[in-house]
Amino acid sequence: MTNVKPRIRLDRKDIKKGDTIEVKALVSHTMESGQRKDKDGNTVPRKIINKFTCTVNQKTLFACDLEPAISANPYFHFKLKPQESGPLTFTWLDDDGTRIEATETITVS
């Protein structure tokens, strides 16, 4: 895991069962495509976040695969309808195995 601290924003953390919540997640990352050259003309190696997941109690609520065309500092904005309380865990996986995580606890009543 890395020291990058993602920014997570939920429109609320106390949810009634069946309600939809809005989620915003941002992580700092260069998202190097592997197509750029450095000052010496050498190709800068690809280093992108290739997978993002959002889970509650280890059950996937949202997931996507990313490609090199995604901009630096990927931002996600989506809606969820969680059915249970627990830790809402956000995970970003990098090409080299780097794992970035953030957690917010939600309560569903």
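Is Cys 54 buried or exposed? In this predicted model, Cys 54 comes out as buried, because its relative accessibility is 0% (buried means under 20% relative accessible area, exposed over 50%, partly exposed in between, with a 1.4 Å probe and protein chains only).

As for the fold, the protein chain has eight strands and zero helices, and reads β-β-β-β-β-β-β-β along the sequence. Both element types are DSSP runs, numbered from the N terminus: H or I over at least four residues for helices, E over at least two for strands. The C-alpha trace spans about 60 × 20 × 20 Å along its principal axes. Take contacts (heavy atoms within 4.5 Å) between residues at least 6 apart in sequence: 57% of them join residues at least 24 apart.

Buried residues make up 35% of the 109 in the protein chain. The chain exposes about 6700 Å², with 46% of that supplied by carbon and sulfur atoms (Shrake-Rupley method, 1.4 Å probe; for residues, only the protein chains shown count as cover).

A note on the bookkeeping: residues are numbered from 1 along each chain as its sequence is written, and side-chain values use heavy atoms, leaving out hydrogens and water. Local features need pLDDT of at least 70 and side-chain atom pairs count only at pLDDT 80 or more, while totals for chains, interfaces and linings use all residues.
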